[in-house]
Amino acid sequence: MFKRGLIASVPIVIGYIPVAITFGVSAVAIGFGRVEAVLASMLIFAGASQFALISLISKSFVDAVIIPIMLNLRHVVYGCIISQRINIRKPILTAFGLTDEVFATSLNANDEKFIWGLEVCAYLSWVLGTLIGVLCGAVLLSYTGFAPSLVFSLTALFFVLLISNIKGKMLAALVGGVTAFVFHYFGYTSMGILIAGLVTPIVVKVCQRITWQ
Amino acid sequence: MSTHHLAIVLVAIGTYLARFLPMRFNEKFKSKWLDEFLTYSSVALISALFVTSLVSFPVKPIDLSVSIAALIFVFISYKKWRNLGLSVLVGIVVHLIFSLSMRLYPL
């Protein structure tokens, strides 16, 4: 089952490497050290959170820690679902690599070792991609014309994550986006993102109740 | 330990616990309300991050136009291939081409 997991991880690896390279390059462009960028990928192993961390660290340390963790709170749901479907004997090990893509692929699994196979390849490709990005970053950034396009990778990543998660949650995306935009306009960007994450579920539930009545 | 290191370690611990705790204490995390809250909160956060990374004040119309044009290509490539990494890569390349074009041939 472990080998089957390794094979099944190929699409994940193909998807991870370019994003990890972009993360490595972006992290260095934003001001992270090479070791720090690789360390982030080795310890966190969560794409959107890592991008959020590097983009918020210059604005507010508290937000740079809280918002990435809040972003990953959806993994609480993943953990619940996986452990209900599969007999998880070593959660300490299995939990580390439970990313969005690993979770989605694991839904077809019936053995914990299959998930380990997925996680090993996904993790190695993520760290390797970051390393490539970090090492090639200096070359890419030596030409300043690249910088805005590399920073745009953050926008592109959040956009893709948004369109892949928006189904049935359009109102939440709209409320979150508008809330953040208003705070962003008045110069309270980080606070706006945090409030968007906390207030939106309440607003959506209220709207749903009003609609039902 | 620098601020960056501390932030990385704290986010790593938080991320790991979010993945580990529901697996370890599965029975205690069964709540429909929590599921819904987290689902809407995640989408709202991604949307908020997207909006604030796309728009910066004061708005520079040319920069914003280039980004929006590149996002159209990101959207098309994601709809076609369903590959997150590839779509981001397409976005970067298109953004770079448009940015360079704007520098070489300003409106």
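**Figure 1. Domains of chain B.** Chain B splits into domain 1 (1-28) and domain 2 (31-104). The bounds come from an automatic or database domain assignment. Taken over C-alpha atoms, the centres of domain 1 of chain B and domain 2 of chain B are 27 Å apart. This is a predicted model: local features need pLDDT of at least 70, side-chain atom pairs count only at pLDDT 80 or more, and totals for chains, interfaces and linings use all residues. Residues are numbered from 1 along each chain as its sequence is written, while chains are lettered from A and ligands numbered from 1 in the order in which they are written.

**Figure 2. Confidence along chain A.** Within chain A, helix α6 (residues 74-85) has the lowest confidence, with a mean of 79. Helix α11 (residues 170-185) of chain A has the highest, at 95. Helices (H or I, at least four residues) and strands (E, at least two) are DSSP runs, numbered from the N terminus. Where pLDDT is low, the predicted coordinates should not be read in detail.

**Figure 3. Helices α3 and α4 of chain B.** Helix α3 (residues 61-81) of chain B packs against helix α4 (residues 84-104) of chain B at an angle of about 150 degrees. Their axes are 8 Å apart. Axes are lines fitted to C-alpha atoms, for helices over the stretch in contact; angles run from 0 to 180 degrees between N-to-C directions. α3(B) and α4(B) are therefore roughly antiparallel to each other. Angles under 35 degrees count as roughly parallel, over 145 as roughly antiparallel, 65 to 115 as roughly perpendicular and the rest as oblique. The crossing of α3(B) past α4(B) is right-handed. A crossing is left-handed if the near helix is turned anticlockwise from the far one by less than a right angle, and right-handed if clockwise. From α3(B), the contact residues include B:I62, B:V66, B:F73 and B:W81. Among those they meet in α4(B) are B:L86, B:V90, B:F98 and B:M102. Two residues are in contact if their C-beta atoms, placed from the backbone, lie within 7 Å. The contact of α3(B) with α4(B) has 14 nonpolar, six polar and no charged residues. Ala, Val, Leu, Ile, Met, Phe, Trp, Tyr, Cys and Pro count as nonpolar, Asp, Glu, Lys and Arg as charged, and the others, Gly among them, as polar.

**Figure 4. Chain B against chain A.** In chain B, 62 residues contact 84 residues of chain A. On the chain B side, α1 (3-24), α2 (32-54), α3 and α4 each supply at least two residues. α2(B) gives the most, with 20 residues. By class, this side has 38 nonpolar, 19 polar and five charged residues.

**Figure 5. Helix α5 of chain A beside α1(B).** The axes of helix α5 (residues 61-71) of chain A and α1(B) come within 9 Å. They cross at roughly 20 degrees. α5(A) and α1(B) are therefore roughly parallel to each other. The crossing is right-handed. A:F61, A:A64, A:V65, A:P68 and A:I69 of α5(A) make the contact with residues of α1(B) including B:L10, B:V11 and B:G14. The contact has nine nonpolar, three polar and no charged residues.

**Figure 6. Domain contact in chain A.** Chain A is assigned domain 1 (2-165) and domain 2 (167-213). Their centres, taken over C-alpha atoms, are 25 Å apart. Nine residues of domain 1 and seven residues of domain 2 form the contact. On the domain 1 side, α5(A) gives the most, with four residues.

Conventions
pLDDT = per-residue confidence, 0-100.
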